[in-house]
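Please consult the sequence and the model shown here.

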Amino acid sequence: MAAIQFRLLKQDGAARLGSLTTPHGLIETPIFMPVGTQATVKAMTPEELDAIGARIILANTYHLYIRPGHELIRRLGGLHRFMHWDRPILTDSGGFQVFSLNELRKITEEGVRFQSHLDGSYHTIRPEDAVAIQEALGSDIAMCFDECTPYPATHDYARRSMELTTRWARRCKDAHSRGDQALFGIVQGGMYRDLRERSAAELVEIGFDGYAVGGLSVGEEKEHMYGVMEWTAPLLPADQPRYVMGIGTPEDLVEAVWRGFDMFDCVMPTRNARNGMLFTSFGRLNIKGAAYAEDQGPVDPACGCYVCRNYSRAYLRHLYRSGEILASRLNTYHNLAYYLDLMAQIRAAIAEGKFDSFRREFHGRRETQ
Ligand SMILES: CNc1nc2cc(C(N)=O)ccc2[nH]1
Ligand SMILES: [Zn+2]
């Protein structure tokens with residue numbers, strides 16, 4: 001039996017309503033995955049994540065390999081038990097982190113040699129190792145080890161990089177043997193339509209449980225990002241999950257759903273929260289602003305979350321300016337609640353066949369405060 005089952009429940013244009021059954025529970029799609037890099041979604045407890053509607057979180061293979069080590073986590077019962085989260089977990093393969101955290105990395109056919117960002121020790125991760133690490137962690141969904149093609153890249157570089165990613169994907173599939181864990185392929189190809197189309201076709205030929213689009217949100221212009229999504233989604237099997245990695249702003253999420261994607265992850269709601277940048281139904285709000293010094297209103301009157309029901313903008317501004325730990329906690333709680341509620345609204349709009357009007361209304365009411 002496959003580790004996951006995806007059911008396409010309804011389409012509204014290219015937008016899809018689906019359900020994804022995993023060994024750790026069911027996920028309604030489109031879904032946003034809070035990022036829990038080091039086995040924690042920073043500043044949140046699993047109970048709080050559950051309360052705001054998080055149904056799957058992401059953890060980073062590279063970080064957990066470096067510290068505390070995947071074998072330690074395996075010995076202690078796997079990642080779910082280690083972090084007290086019993087819903088689904090998706091682990092990325094480490095490819096992106098190795099490339100983004102290690103200037104001195106060396107890419108060969110065999111794999112990637114790099115220095116730990118913590119102690120400078122030398123390591124080599126091959127596709128087979130990335131699979132073994134994720135099997136030890138016990139995530140519900142593992143990702144193939146890929147090269148996230150940098151931006152900008154020449155067509156020739158992007159072609160060679162994509163071809164390496166395909167060869168690595170084949171090796172990942174051959175090495176993967178954990179039956180209760182799904183494995184997703186990652187489409188690369190830079191900003192080039194012919195390469196993206198080749199990458200998608202080659203990965204579908206190999207055959208995976210779902211497909212991600214990588215190599216985006218790497219500094220490219222929005223029209224490149226949206227173009228790659230448009231070229232790629234139709235080439236991926238309609239009856240399997242489509243995940244675009246590292247996306248994105250609330251606007252990006254709406255646009256990616258509109259183009260046929262089901263799964264998303266981004267550090268934006270959690271990272272921006274710690275910097276005082278809050279997301280609302282009318283745009284972004286910088287809680288540091290002097291305008292909020294005596295504002296007794298909630299962050300977002302349209303948000304029903306615990307933070308918006310119990311704390312004022314004035315208090316959140318005070319916490320942030322005072323460097324209080326509670327500032328990170330409450331800001332993160334609200335931002336994730338906003339993202340997860342946005343996804344619930346998107347699912348409801350697709351279910352009613354009204355996603356087009358939802359999309360128009362959503363963009364019409366956004367401006368930065
Ligand atoms: C934040 N941007 C982002 N781009 C990504 C690309 C990949 C990838 N594997 O190409 C993974 C994570 C990513 N996060
Ligand atoms: Zn709120």
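Which residues lie nearest the centre of the largest pocket? They are Phe96, Gln97, Asp265, Val267 and Arg271, out of 37 lining residues. The model is predicted, so local features need pLDDT of at least 70 and side-chain atom pairs pLDDT 80 or more, while totals for chains, interfaces and linings use all residues. Residues are numbered from 1 along each chain as its sequence is written, chains are lettered from A and ligands numbered from 1 in written order, and side-chain values use heavy atoms, without hydrogens and water.

**Pocket**
- The largest pocket has a volume of about 740 Å³ (a pocket is an open set of points on a 1 Å grid over the protein atoms alone, where a 1.4 Å probe fits, with protein on both sides within 12 Å along at least five of seven lines; lining residues have an atom within 4 Å of a point).
- Two or more lining residues come from each of β5 (57-60), α5 (95-101) and α11 (268-274).
- The lining comprises 13 nonpolar, 18 polar and six charged residues, with Gly counted as polar.

**Ligand 1**
- Ligand 1 takes up the space of the largest pocket.
- Its shell holds four nonpolar, five polar and one charged residue; Phe96, Cys148 and Met245 are among the residues surrounding ligand 1 (a heavy atom within 4 Å).

**Polar contacts (N or O pairs within 3.5 Å)**
- A polar side-chain atom of Asp146 is 2.8 Å from a ligand 1 nitrogen.
- The side chain of Gln188 places an N or O atom 2.9 Å from a ligand 1 oxygen.
- A polar backbone atom of Leu216 lies 2.8 Å from a nitrogen of ligand 1.

Key. A polar contact is a pair of N or O atoms within 3.5 Å; within protein, one must be able to donate a hydrogen and the other to accept it, and residues adjacent in sequence count only if both atoms are side-chain atoms. A molecule sits in a cavity or pocket if more than half of its atoms lie within 2 Å of its grid points. Grid points are joined across faces, edges and corners, and a volume is the space filled by probe spheres set on the points. Helices (H or I, at least four residues) and strands (E, at least two) are DSSP runs, numbered from the N terminus.
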